[in-house]
Amino acid sequence: MKLLRFLLVLLLFTSCGAFVDYDYEKDTDFTQYKTYNYFTDMKSGFNQLDEKRLIRAIDDKLKIMGFEKSETPSFSIDIQSGEVTSNSNSNVGVGIGGTGRNVGGGVSIGIPVGQNRVMREISIEFVDDSKNGVFWQAITTISNIGNTPEKREESFMKLIEKVFSKYPPKK
């Protein structure tokens, strides 16, 4: 029964999706930014198809948020990513022990559970070169992009929805 509870908790934590860390320049007036474009020399770390999917997801979300893509943008977007390996620290302990009249003993065996996971860390930065450089940043990881074009598109859409859920930051 305890093993079943452990597996349910493990399933809950692994299915929560991507975590997003945000950072921003606290003195920034986010209302002044209405137009954007991407760095021309951006090295996203994605293959061309996935980079197009990610940019399309960002464009769709920013359009909904009232931004306009422009050749003379008020800020530029830089996307960088790389693979990171998540070490599996999970293990199950099996123990046997006993006590009696101030004498005790025990045996414990650790059995590793799971394996290392390869994930992709993605950094999205909003940069205003005319002022103070980077003024907003989101860093997230994604473990499973999908294995079909439709699943990959859906994964990027969900990821970007979560990334921009806290933009602009509440001060």
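Modeller: Start with Asp-50 and Arg-53. Their side chains meet in a salt bridge, with N and O 2.8 Å apart. Remember that this is a predicted model. Both residues sit in helix α2, which covers residues 48-64. They are three residues apart there, so about one helical turn separates them. Asp-50 and Arg-53 are both buried.

Next comes a link between two helices. Glu-153 forms a salt bridge with Arg-56, and their closest N and O atoms are 3.2 Å apart. Glu-153 lies in helix α3 (residues 149-163) and Arg-56 in helix α2, so this pair ties together parts that are 97 residues apart in sequence. Glu-153 is partly exposed, at 23% relative accessible area. Arg-56 is partly exposed too, at 39%.

A further pair joins a helix to a strand. The side chains of Lys-69 and Asp-59 meet in a salt bridge of 3.6 Å, N to O. Lys-69 belongs to strand β3 (residues 68-69) and Asp-59 to helix α2, ten residues apart. Lys-69 has 42% relative accessibility, so it counts as partly exposed. Asp-59 has 18%, so it counts as buried.

Now put some of these together. Asp-50, Arg-53, Arg-56, Arg-152 and Glu-153 are linked in a network of salt bridges.

Finally, a contrast. Glu-125, in strand β7 (residues 117-128), is buried yet has no salt bridge. Its nearest side chain of opposite charge, Lys-43, is 14 Å away. Instead, a polar contact of 2.9 Å joins the side chains of Glu-125 and Gln-137.

How values were computed. Residues numbered from 1 in each chain as written. Predicted model: local features only at pLDDT ≥ 70, side-chain atom pairs only at ≥ 80, totals over all residues. Heavy atoms only, no water. Helix = DSSP H or I, 4+ residues; strand = E, 2+ residues; numbered from the N terminus. Buried < 20%, exposed > 50% of the residue type's maximum accessible area, 1.4 Å probe, protein only. Lys, Arg positive; Asp, Glu negative; His and termini not counted. Salt bridge = Lys/Arg side-chain N within 4 Å of Asp/Glu carboxyl O. Polar contact = N/O pair within 3.5 Å; in protein donor to acceptor, adjacent residues only side chain to side chain.
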